[in-house]
Amino acid sequence: MSMDRRKFLKVAGLSTLVGLGSSGAFELLKPGRVDAEMEHGHHHGEHHEKAEETGPKTRLAMLIDIKALTREKAEKIVHTCHHLHNVPNWGDPKNEIKWIWEDEFEHAFPDSYNEYDEILEHSPFLLMCNHCDEPPCARVCPVEATFRRPDGIVAQDYHRCIGCRFCMAACPYGSRSFNWLDPRVMLKKEMAKGRKLNKRFPTRMRGVVEKCNFCVERLAEGKKPGCVEACPDVMHFGNLADENSNVRKILRERVSLRRKLELGTKPSVFYLI
Amino acid sequence: MIEKALKGSSVYWGWVIFLLCIIGAGFIAYLYQLKVGLGITGMSRDISWGVYIAQFTYFVGVAAGAVMLVIPKYLHHYTKYAKVVVFGEFIAIAAVIMCLLFIVVDIGQPMRMMNVVLHPTPHSMLFYDMIVLNGYLLINIICGYNTLLADKKGLPCPRWVKPVIYLSIPWAISIHTVTAFLYAGLPGRHFWLTAIMAPRFLASAFAAGPSLLVMLLLFLRKVTKFDAGEDALQNVARTICYAMIVNFFFMGMEFFTAFYSNIPGHKATLEYLFWGIGEYGNLVPFMRACIVIGLAGIFILLVPPIRRNPLWLAIGCACVFLATWIDKGVGLVIGGFVPNPLEVITEYHPTFPEITIATAIWAVGGLILTILYKVAVSVREEEQRI
Amino acid sequence: MYDSGKVIIGLLIFAGIFLFPFIYDHGSPAPKPKPSLDTPAIKALPEKKCVEDTQFMITTHMQFLNDWRDQALRDGNRWYVNKEGKKIWISLQNTCMKCHSNKKDFCDKCHNYAAVQPYCWDCHYDPNGSKL
């Protein structure tokens, strides 16, 4: 099934190149949408139009409870994530790689910064990839190394990335990191000082872009994302498309913010305040 | 025809060897970059594009500038450009090759470059940029070679070349429009997110490309027997002047929108570039110089008695070339990253290997241009002898 | 022919350089590599069998791993059903390397012989080794 779909998308891409193929043109306007619908159709044996009516069945989202978040917990979450994904700690902002990191409200929400609000001003915030519904990074990538999966995860294919860094320029959240140097050089140094690798997960190579992957490798095994496991009272992960899901229940009860909504990216990370 | 590049004076060969030395140094620096990674440059997580992409952007403009000669010659039959057009096309060839090289040295995994062709992605502007740039290179090779060959034989240009020449006009517009689209379609980068980006790119291109051409033609008049003709030079200079005025006019419009609306995001980069924000302002001297030099260039090229003096003409063109280079080759790309999406300021300092590589690509462009101009001048000199 | 002396000397030098490796190695081919299957995990298997049959794995493992990669990473499909209908978890590092825990004597043997450097190992590594 998946092989057929991939071949189909290749043909669709090529036919758009010569100005044929309506689905290819559709892909041009709404990247990722064709993918989502095809996946949907295959799973449920539904017809194409029907899938569009009902919308996707899965849209994964993360809720970060700022009221429950402390600096210690933030540190634990960052550490867990970076350990699980073998993210090197370069220790300087030039080469730095980060999938999730602690920052201030002022930087997380530069347009909503309110100088009279002392509660938010002093709260720690966790920033990460927003896994947007309309990801600008996937729109600009010239090789589809970054793309939106049908379940809403914006994935990064390190095997295909050419390292042009167009996605870094396009991301309005500064969520993407580039491997300016070989990450293993730093990992080896850290290992000499006692760092342990997560042997179930690869490293990256120099010259590719990386970012949070919503722990897609753990989800595949039926586990929760690493950050959720580290602090289940702060991080809530679930399916936004399901009315009865844990995340929808929380969102009904709590006030939430999303970053830079005015850009139309439709982020899937919510901040509960 | 190309054999004409193999016969030259010792000065010619000295120049070629000089360029080859720079290219060699850059090549060694590139091998180092290939081995260690782009970390040897001054680029960072915040300033993720630097000298390479900035130079790329500038030279797309230089390449597109050739169309300012093609339009009068082929659409308006302005015969005074007849002997000059090929020199514009040769600038385009050299500039596009430089652009492609700047892309190659900028990407993190150059051996995977063909992925762009292997996985064609029509929703990426970079995909179109690849098509238009390579297409423009091909078009200019076809047009430049055939028109020069026809001149050499004393025959009219083959008829099938005509449509290709006409095609080169919209194509030249397209290369710089698509290059502007690389920037102008990104949400969250206020400085780039402007509909006037493509028009402004074109205006500065039509100033930058021809100004390089005029400087080179003046040089050729001095050292060879080939004379482009005073009328042709003066007319190109007028074009440059108008294009530069339009470029500055567009720049002024950016200032108006940002500062009259008073929206912080729109103002931030302009403030950083021209006044500095807090302790950060390492581009301020460049950007202010750009305005002063650009205005000086406009003044020199605008006033007829000054413009008619060959020395002043060369200085005026040099001013325009330099001002547009600072504007696009320094300020535009770096400035777009300041402040970053979290409104934090990081400054950019290019490193020595990075500058060596960029200089080497300039030298490659210089070498290609030297060889092509040598051939063209030899053909023109033969014509004049007959 | 002009300068025939120089041209012929040049051609001879070129031919000499070009043919050098063939002459140098004449009669002494490098021994055929024998990738080792001697790992505890493989020994413990009731039937020594890979995901698919051996001949298929030898000839097609490159395309096969390419497909696995795209299925797992791009299509989110982590299960592979082999010709016998058995379901297998798609993962180079966690499935392949579990049995083939001897990268040096298995993967590298042939790759070195064929002078290929697959970029798998720029990111993936032998999870059983202590080094990256």
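Student: What percentage of the 132 residues in chain C is buried?

Tutor: This is a predicted model: local features need pLDDT of at least 70, side-chain atom pairs count only at pLDDT 80 or more, and totals for chains, interfaces and linings use all residues. Residues are numbered from 1 along each chain as its sequence is written, while chains are lettered from A and ligands numbered from 1 in the order in which they are written.

Buried residues make up 12% of the 132 residues in chain C. A residue is buried if 20 or more other C-beta atoms, placed from the backbone, lie within 10 Å of its own; 12 or fewer makes it exposed, and anything in between partly exposed.

Chain C has six helices and two strands. Both are DSSP runs numbered from the N terminus: helices are H or I with at least four residues, strands are E with at least two. The order from the N terminus is α-α-α-β-β-α-α-α. The radius of gyration of chain C is 22 Å, well over the 14 Å that the globule rule gives for 132 residues, so chain C is more spread out than a compact globule. That radius is taken over C-alpha atoms, and the rule is 2.2 Å times the number of residues to the power 0.38. Along the principal axes, the C-alpha atoms of chain C fill a box of roughly 70 × 35 × 35 Å. Of the contacts in chain C with a separation of 6 or more, 54% join residues 24 or more positions apart. A contact means two C-beta atoms, placed from the backbone, within 7 Å.

Now chain A. Buried residues account for 48% of its 273 residues. Chain A holds 13 helices and 10 strands. One of them is strand β1 (residues 60–65), with five of its six residues buried. β1(A) pairs with β8(A) (residues 235–239) in the antiparallel sense over five bridges. There, A:Ala61 stands opposite A:Gly238. With β10(A) (residues 269–272), β1(A) pairs in the parallel sense over four bridges. A:Leu63 has A:Phe270 as its bridge partner in β10(A). Pairing requires at least two DSSP bridges between the strands.

Last, chain B. Helix α10 of chain B (residues 264–274) has buried residues, including B:His266, B:Leu270 and B:Tyr272. Their cover includes α9 (230–261), α11 (284–302) and α13 (310–336) of chain B. After α10(B) comes B:Gly276, with a positive phi near 85°.
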